[in-house]
Each structure stands twice: as structure tokens, then as C-alpha cells.
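Please open the model in a viewer and keep the sequence panel beside it. The stops below are meant to be selected in order.

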Amino acid sequence: MPVLEVRDLRVRYNNTGPEILRGLDFSVEASDFCAVIGPSGAGKSTLIRCINRLVEPSGGSITLFGEDMLALNARDLRRMRRRIGMIFQEFNLVNRMSVMDNVLSGRLGYTGSLRSVFRLFPREDVEKALELLARVGLSDHVNKRADALSGGQRQRVGIARALMQQPDLLLLDEPTSALDPKISRDVMSLIRDLAREFDVPVLCNIHDVQLATEFCNRIIGLQDGIKKFDGPTETMQKANMEEIYAMEVL
Amino acid sequence: MSSQDMNTPRPAAPPQWTRFPFPETLIRYSALLGVLVFLAWSVHFLNLDLQRVLGAFPRLGAILADRYFPPELGFILDQRFLMSVLNTIQMSILGGAFGVLLAIPLAWFASHNVTLHRWIFYPFGRLSIMGCRAIHETIWTILFVTVIGFGMFAGVLALTMFCIGFAGKLFSDEIEAIDMKPVEALRSTGAGPLQVFVFGVLPQVKIAFVGISIYTWDVAFRAATVVGFFGGGGMGWYLQRATYELQSTRVAAILLTIIALVSISEVVSGWLRQRLAGERLA
Amino acid sequence: MAMTGTGKPSGGGATAGGGILSGEAATTYFERRRNDRMRKALIWTGVALVLLWCIQVTIIADTDWERIGGRFGVLGSIGRFLLLDFSLLPHLLVPAIETMMIATLGTILGCFLALPVAWFGARNVTPSLYIFYPIGRFMMVLSRSVHEIIWAILFVGAVGLGALPGILAVAVRSIGFISKITAEAIENIDPKPVEAIRAVGGNQFQVMYYGILPQIMPVVLGTIIFEWDINIRRAAVMGLVGAGGLGLVFFRQMAMFNYGGVTMVLLAILVLIIIGEIVSHYARKAVT
């Protein structure tokens, strides 16, 4: 049974505006590192944000871990979101908080409001955060403020925060497009290694086709809100590419 | 899926981290304790009854509803009161205009980067602006009333002092933030200090100054509503009379007028400043 | 200048290109320049007339020039203030401390009161755009448009004489500015961390506490310190209407016609303001 199943997903931001996603169908398996590629404006970011309902879909269905995402109330949605780790294009760290607190904030879904006021996270959480920070190579930066780090380091904090959630699914929204090529590759391979280590399926929206073919086992091609390709990386041909990026070629 | 385990092989020495490192935490908590002690001491020193603090707002509400309601709206249309409203506006315009005009040279003196002389004019400018700011407009009013007697003149002078302090500070902040390159260029051509100010500084701050001046008028108008309370003329005088004669419904009517006028003045000055900002971009 | 720009858009693009203007373009250019100058002259004349009218009404007509009694009369009345009354010095310490405390407690109370107002009055976090947002905005305007003296009178009426009405007046008067700046800061936050906290499953409160609060903290603290500085001078006049502190001493000295004592009080206020300025200077440096 697939981890994530999306049927006829549709999104429009306002009632009269154009549809950003126009009826998408796909599913993600437990072993997938699945890339969503497509030209800018194709709806990649919107798609990723629909999965954890940061963007509300206007139609279709999303079934995650066997539950209907769109039927959840606010409380259950939060419970669901804490099982979904998300890594963002611009890291989305709280700049004025320390690296440690940023990583710990990944546990907020499990922490009561009162505890979170005093930032009193359980001991296990702190230990886990330290381990993860060591794992992403930031042991020396634990107490620095997030905005004191370089781009690559900040994205590593973002990765640690997402893994803090002990996620059952990782959503990646262009995790490398704010980084330079060398660091992009490092970050991607770190994510791949960690995803394997923790056995988490990944749905990754990515601009760089090169990176997608290198790191992902499956590719979904998106153009103007419609799926143009879906299959294992090896089966993607030049013709598929041209179809997906037809708009940009023109 | 839920069986995943974070227990990756641990590093030899498990890393340690605590939110409360020793010296920093001690300092922080001592500071916090100090603040709390100060607060407790103040409450004790001022003989405050905390229950009364909490009860104050409901009580104020009750009193407003009870004594001040309904406002005697008919009084607003009284010829003399309307005249005093007009006078209040006039006072605020004059006080604002005089204040801004005097504040410009003082701000020039009080700006460290372009002042005439760092040891004479700079402290003079700073001190004058600070003195004007330090003394509250009501105190200025009382002082001027004792010197020149009751009436709007005292009010205008008080507002002038207030505006010097208010606008002067903002002006000099603005001047200190200018681009010094044109100033240096002018100085290198042998221009005198006044020429440097007029050709190097003023063009850079002109639009900001106009914005600040409008804002100053807005604030001066708020102050003008009460200078009359201490004999400075304008509608504040009616407020004082109504207050001391315990004509609460009339006080309510005057207060409503003040709130309405201040809101209007805020909208007007906001609109003017917005236009100005638009022009700055154009 | 604000006013001179009023007619500008009407001209069209005649000045485009700059440099050499030929024939028609040149005439339009000079015409426009002349019109501009005319308009400026007109506006300035208008301003001057308004000012003269104000001077006539408020100063020339309304002043009792006899009573002032010429230059010497004025100098004489100013001179009375210069004979400092040092015997008052020991009696100033307690009121000065009181004033400082009224300012501080008032600012702190004002912060707490400003919190919900800022929350209601910030477009992006308000609980309801149609109910709470207007309430928040109205509270901001109300707090700022009523002068602190009037607030003090109202609170003296509600809770009686003493330091308490002063604290309350200072607090209520502070709400407007603090909550306005805070609401603006909330409206201008970076939405990305907020999105991240929502994505990890944080609740509404955690989103505010982790996503918004750290971002607005420097602005809010700076504003509070700024407001505290201003509140010292406000607290110093609370006594004029019966709310304790240095204002009360000022009022008494004035009532006794002890002008030297009045000057002493003014000097004491000045000292407080200087202390406040120094403290707030360093405090603001510390928070940014």
C-alpha cells in the first residue's frame, strides 16, 4: 500500500483565479525518493504544500498513511503534520533563535503549550537533537544563533529539525535552490543518506533536473499543473524532458 | 514505519548541552530577581493596592457609563466652544510653525556631523532640544502663564517649546543620517558652514523635514487640546471648567470632540505624509 | 514639498529627454516652470496669510499686554525663577523616586495592556478581521488621542488621589504607541518561520511564540524602552492633577509662589530625564 496517494488534486488560490494544479494523480511508495520536476510556475511548491495542507486544496483527495488528509480537523491535522517533516527552500529557520532551539522546535507538535513557553523540552529530545546535529556536522554550532550560519549550514539545521519529528514522510521544497552547486550536492546526498538510514520516504520538489536524476529513484514531471511524466528515473527520456520543459524552450 | 529508531551509534563521549550554562544563567536570574524586587519595592513604596489596580478599569467603565453618560452633545454646538476649537487649531498651527522654524537651526547645531562647532554649538543645540523635550507641555504652559498671563499667547509659546523639542530631535536624527559625500564635496570647494548646510544638508533632508513637520503639527494639536486646562487658552479651558464644576456629561462631550478632532488630524496628517512618501519615490 | 506637487501630474511628458529642447517642447517646459513657480508663490502666500491670521487672533488680540508690562516686566517675572531655593532639595528625592516608579510601573502595565491590542490590531494574526481588528485599531487611536492629563483626571475620578491613577494614566497612554508599532512589526514579519512551525504541527500559540515573537522582539523592546523614556516626562506631570510624584511638588511650589522652588523641581525633572536618556541609550544598544 502506498504511503501517500493523491487523486485528482486541484488547487486555486481564489475562487475566480486560474487553477494552479489541475487534477493530479500519483502515489508515493514507502521506499521512494521521489522528485517533482518542472518549470517554474508549474505548481511544484503548491503541490508539496498541499500534502500537509499549508495550502488548502480546492478539490480531489490526499490519503496519507491511510488517512484522508482533507477530512481532518485542526487538531488531527496538527497530529498528522508532526509525522511529516518538511525542509524548505529558504530554510525557514527562526533567525533569532539558537541552532539548538531551532532543531528542538521540530518537537513542538509533541510539546504542550506551557512547556514550550519555557522551552522546556524533555531530556530525550535534547539528546536526540545533539545526535542529529552531530550527524549533520554542526556539533560546534549548537549555541550559535541561526542567522550566524552559512546557507549550507542553515539547511543542515533545517534537515535536523525535520528529522527531529521522527517523520514518516519527508517533504522537500526546493531544498537546494538557495545554495551553490557544490553545497547543493552535499546537502542532497546528506538527505538521501539520512532518508535511507531512517527509512523515510521522500517527496522532493526540485528545479535542477541533474540533481533529480542523480539522487531520486522516481520522477514526476509537472507542467502547468498537469502531470506529464511519472516513472522510475531510468525510464525518463530526453523526449519526456522536452515535453515537461516545453514552455521554457519556447 | 513507527519502528524507526534514532539510536545511531553514539559518539564516544555523549555530547552535553544544557539550556542553563552556569555563569550566564546566574547573571540572568539575578537580573530577573533584581527587577522583581524593584517592582515589589515600588508597589510597597507607592502604597499600591493591587486589588484596586485590577478593579480600576471596571470602575472607570462603570463611572463613565454612570456619570459621564449621556454626553451633553448640545454643548458642542455652543458658539463660544466652537470658537475655542478654532483657536485650538490656530494655536497648534502657530506653535508647530514657530517650533519647526526654531528647531531647524537648533537641529543643525545639534547634529554631530555638520554642526558649526563641536564644543560650543553642539552642546548648546543638544541641551536646548533636550531641555524643551524634558519639560512637559503642561509645565511649559504653567510657566508661560505665570510670566505673561492667561491666554493663548502662553499656550502658543508652550506649544512652541514642545515642538522645538519634538521636531528638533527628529530633525537632528535625520541630519545625522545624511550622506556625507556631498557635504565633503562642498567643503572642499571652500563653502562656509551656512552654505554647506543650505546646499549640502537641506536638499537631502527637505522631504523628511516636511514629513516631520506635518507629524509635529499632529502631535502639537493633541497637546493643544489640554494647554487650556492650565490657562493656555483653547478648548482645554472649557474642559477644566467642566471638570471642576463636576459637569461630567459636558466633560464627556468635550472629550468626544477631542477624540474626533484628533482622529481627523491624524487622518489628515497621515494622508499628507503618505502623499509625500509617494512623491519621494517619484 | 508636499503641497507643491499637487498639480504636477497634469503636465505630461514634455520634459522627457532633457538636454536640448526644441520649439514646442521648450515653450512647454518654460510654461510649466513658470506655472510651478506661480503655484509655489500662491501656496506660500496662503500659508503666510493663515499664519498671520493665527497670530492676530491668538497672540495680538488675546493677550493682556498691559499686564505683561513691557520688556522689564517679562524679565522681572523670569528673574523670579532664577533665585534657586536649595532648601527644597531634600524634599525632592522621594517624589523623584515616585515619579520614576510611576513611569516604570506604568510602562510595564502598558505593555501588558498593549499585548492583546497589538494582537487584535495586526491584520495577519487578528482573531477576526471584522470584530477584533476594528476594536484593536480603535483602542490604539483612543489611547493616543486622549492626552495623558485627561486620562489622569479620569483615573483620579475612578480610583482617587495617589500614585495609582498616575500609573494607570501612563499605562493607558502607552498602549497606543507600543501596540501600534508591535502590530506593524507583526504585519511585517517574515512568514517563512511561521510556515515551518505550522509544518511541524505546532498549535496556534506555538506558532506565535516560536514563529512570530522572536522576530518582533527587538522592535518591541526598543519601542518599550523608548516609551519608558517618554513616560518619565509624563509621570512628572501626573501630580498636577493629583496623581503624585514631582508634579505634585511643582504644583505646591507654584501655589506658594515659590518660584525658586519651581525651578528646583524643573531641574530635578531634567536630571530624571537625563538618567532616563542614558539608561535607555544603553538598554537599546543591548537589545539590538
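The tour goes from chain C to chain B, then to chain A.

This is a predicted model: local features need pLDDT of at least 70 and side-chain atom pairs count only at pLDDT 80 or more, while totals for chains, interfaces and linings use all residues. Residues are numbered from 1 along each chain as its sequence is written, and chains are lettered from A and ligands numbered from 1 in the order in which they are written.

**Chain C**

Select chain C and colour by secondary structure: there are 11 helices and 0 strands. Helices (H or I, at least four residues) and strands (E, at least two) are DSSP runs, numbered from the N terminus. The radius of gyration of chain C, taken over C-alpha atoms, is 27 Å, well over the 19 Å that the globule rule (2.2 Å times the number of residues to the power 0.38) gives for 288 residues, so chain C is more spread out than a compact globule. Along the principal axes, its C-alpha atoms fill a box of roughly 80 × 75 × 35 Å. Of the 288 residues in chain C, 42% are buried. A residue is buried if 20 or more other C-beta atoms lie within 10 Å of its own, exposed if 12 or fewer, and partly exposed in between, with C-beta atoms placed from the backbone.

**Chain B against chain C**

The contact takes 48 residues from chain B and 49 residues from chain C; two residues are in contact if their C-beta atoms, placed from the backbone, lie within 7 Å. On the chain B side, helix 10 of chain B gives the most, with 9 residues. The residues on that side divide into 30 nonpolar, 13 polar and 5 charged (Ala, Val, Leu, Ile, Met, Phe, Trp, Tyr, Cys and Pro count as nonpolar, Asp, Glu, Lys and Arg as charged, and the others, Gly among them, as polar).

**Within chain B**

Select B:Phe69 and B:Pro70, which are joined by a cis peptide bond with omega about -5°. B:Pro70 is in the loop between helix 2 (50–66) and helix 3 (79–109) of chain B. Next, colour domain 1 (22–56) and domain 2 (75–281) of chain B, whose bounds come from an automatic or database domain assignment. Their C-alpha centres lie 37 Å apart.

**Chain A against chain C**

Turn to chain A. Its contact with chain C takes 22 residues from chain A and 19 residues from chain C. Helix 2 (74–81) and helix 4 (113–117) of chain A are the elements that give two or more residues to the chain A side. That side divides into 8 nonpolar, 8 polar and 6 charged residues.

**The sheet of chain A**

Select the open sheet of 6 strands in chain A, which has the order 6-7-8-3-9-10 and mixed pairing. Two strands pair if DSSP finds at least two bridges between them. Strand 6 and strand 10 (226–232) of chain A are the edge strands, each pairing on one side only. Inside the sheet, strand 3 (residues 33–37) and strand 8 (residues 202–205) of chain A run parallel and are joined by 4 bridges. A:Cys34 has A:Leu203 as its bridge partner in strand 8 of chain A.

**Two positive phi values in chain A**

Finish with A:Asp8 and A:Asn92. A:Asp8, in strand 1 (residues 4–12) of chain A, has a positive phi of about 50° although it is not a glycine. A:Asn92 is also not a glycine and has a positive phi near 50°; A:Asn92 lies in the loop between strand 6 (84–87) and helix 3 (99–104) of chain A. Which of these residues is buried, and which is partly exposed? A:Asp8 is partly exposed, with 13 other C-beta atoms within 10 Å, and A:Asn92 is buried, with 24.
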